[in-house]
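Dear colleague,

I am handing over the structure we spoke about, and my notes on what was found in it follow below. Please read them with the coordinates open beside you.

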Amino acid sequence: MKRLFSILAITGLLTFGTVQAQEDTTQTTEPAVETAAPAPVEEVATVETVADDETAGADKPFTQELKERFIQGGPGFMGIVLLCLILGLAIAIERIIYLNLSTTNSKKLIKDVEDALQSGGVNAAKEVCRNTAGPVASIFYQGLDRIDHGVESAEKAVVSYGGVQMGQLEKNVSWISLFIALAPMLGFMGTVIGMIQAFDKIEAAGNMDASLVAGGIKVALLTTVFGLIVAMILQVFYNYIIAKIDSIVNDMEDASISLVDILVDYKNKR
């Protein structure tokens with residue numbers, strides 16, 4: 001009898017322990033399945049979303065992206081920055097065309113003037129200068145026109161008219177430098193005003209919500225970006241124009257010295 005009770009007790013304990021172990025295993029594994037199952041779906045969705053965004057960004061042309069960003073910047077400061085770019089480019093293109101037309105082969109001109117002066121006199125040399133475009137030919141003409149009053153008078157005329165031609169070369173260039181300085185300043189002003197508006201929204205809402213200020217801050221920063229882009233574009237044109245002017249001025253000075261030497265020799269031979 002005692003053996004029977006012992007067997008029943010042992011069997012009961014084993015049965016209870018097996019059931020308890022199964023319940024513990026079920027409780028342990030079920031939450032893991034519930035939490036782990038959606039994880040791959042979320043990861044796949046996230047990867048697909050990132051891939052779609054990257055594909056969309058890669059397919060979008062740079063000009064389209066630039067246009068959209070410009071429109072997002074707002075018509076206020078963006079319009080003024082665009083006006084600076086248009087006016088600056090218009091002046092730069094006009095100056096580049098004028099400077100290219102003002103470039104003269106001074107060595108050939110000096111030789112032609114010297115030959116004409118020896119063969120046909122002052123009038124022939126003046127005719128050569130009259131038929132040649134550019135500031136160097138104009139300076140030569142003024143010097144030849146006053147050779148009858150002496151070499152010193154001709155030299156003064158060359159120096160004076162050289163200053164006039166230099167002023168013509170540098171005409172309106174200061175406006176380009178103004179737009180170079182003005183464009184980023186307008187961008188910074190737009191950024192500051194946008195930040196002020198963002199803080200006004202925070203103050204009105206009474207809490208720090210990123211959605212309230214993210215759009216305003218993005219628009220504010222876009223004005224600075226486009227202001228800097230305009231300044232960089234105009235800076236390239238400005239440096240090219242300054243280098244071109246320096247080259248023409250140096251050519252004018254060298255040619256003027258050669259002309260004075262030619263006139264001195266011409267007066268000495270007469």
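**Salt bridges and a helix side**

With a relative accessibility of 36%, E127 counts as partly exposed, and R130, at 46%, is partly exposed too. Please keep in mind that this is a predicted model. The side chains of E127 and R130 meet in a salt bridge, with 2.4 Å from N to O, and both residues lie in helix α6, 3 residues apart, or about one turn of the helix.

A salt bridge also links K126 and D145, whose closest N and O atoms are 3.0 Å apart; because K126 lies in helix α6 and D145 in helix α7, this pair ties together parts that are 19 residues apart in sequence. K126 counts as buried at 13% relative accessibility, whereas D145, at 34%, is partly exposed. In helix α5, D112 and K108 are 4 residues apart and form a salt bridge at 3.0 Å, N to O. The count of salt bridges comes to 5.

As for α5 itself, its buried residues are S106, L109, I110, V113, A116 and L117, and they cover an arc of only 135 degrees around the axis, which puts them on the same side of the helix. On the other side of α5, K107, K108, K111, Q118 and S119 are exposed.

The largest nonpolar core has 44 residues, and L117 is among those with the most contacts inside it, together with F140, L144 and I241. Helix α10 gives the most to this core, with 13 residues. Leaving aside neighbours within four places in sequence, L117 is in contact with V122, A125, L144, I262, L263 and Y266.

With best regards

Note on methods. Residues numbered from 1 in each chain as written. Predicted model: local features only at pLDDT ≥ 70, side-chain atom pairs only at ≥ 80, totals over all residues. Heavy atoms only, no water. Buried < 20%, exposed > 50% of the residue type's maximum accessible area, 1.4 Å probe, protein only. Helix = DSSP H or I, 4+ residues; strand = E, 2+ residues; numbered from the N terminus. Arc of directions from axis to C-beta. Core = buried A, V, L, I, M, F, W, Y, C linked by side-chain atoms within 4.5 Å. Contact = heavy atoms within 4.5 Å. Salt bridge = Lys/Arg side-chain N within 4 Å of Asp/Glu carboxyl O.
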